[in-house]
Amino acid sequence: MGLGFAWVVIVVGEMTGVQTGLGAMIMDARQLSRTEIVIAGMAVIGVAGYLSDQAVGGAGPPLLAWSPQHG
């Protein structure tokens, strides 16, 4: 849950608060009607989110081996 929320906050922050980054690129492309860039940016966010979810999911069992609920 926290990882998904963190991704939302990062992207929204980039879209509204900074001039550079993936979110800013998507917003600029949206204003210029560059749909292919918007879709590519969304795909990059999706792949990065999936990879980070897999990394956290894979790191969880070894790191939580001490816990009776996860061991």
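pLDDT is the predictor's confidence in each residue, from 0 to 100.

**View 1. Confidence along the predicted model.** The model shown is predicted. The chain has a mean pLDDT of 86. Of its residues, 97% reach 70 or more. Among the elements of the chain, helix α2 (residues 22-31) has the highest mean pLDDT, at 90. Helix α1 (residues 2-17) has the lowest, at 83. Where pLDDT is low, the predicted coordinates should not be read in detail.

**View 2. Ser33 in the loop between α2 and α3.** The backbone of Ser33 has phi near 55 degrees. That value is positive, in a residue other than glycine. Is the Ser33 side buried or exposed? Ser33 is exposed, because its relative accessible area is 61% and exposed means over 50%.

**View 3. Leu32 in the loop between α2 and α3.** Leu32 has a relative accessible area of 62%. Leu32 therefore counts as exposed, the cut-off being over 50%. Val44 lies twelve residues from Leu32 along the chain. The C-alpha atoms of Leu32 and Val44 are separated by 19 Å.

**View 4. A nonpolar patch on the surface, with Tyr50 among its residues.** Which residues form the patch? They are Val47, Tyr50 and Leu51. Together they have about 320 Å² of accessible area. Tyr50 belongs to helix α3, which covers residues 35-63.

Note on methods. Residues numbered from 1 in each chain as written. Predicted model: local features only at pLDDT ≥ 70, side-chain atom pairs only at ≥ 80, totals over all residues. Heavy atoms only, no water. Patch = residues over 30% accessible without salt bridge, like charges linked within 9 Å, V, L, I, M, F, W, Y side chains within 5 Å. Areas by Shrake-Rupley, 256 points an atom, 1.4 Å probe, with all protein chains shown as cover. Salt bridge = Lys/Arg side-chain N within 4 Å of Asp/Glu carboxyl O. Helix = DSSP H or I, 4+ residues; strand = E, 2+ residues; numbered from the N terminus. Buried < 20%, exposed > 50% of the residue type's maximum accessible area, 1.4 Å probe, protein only.
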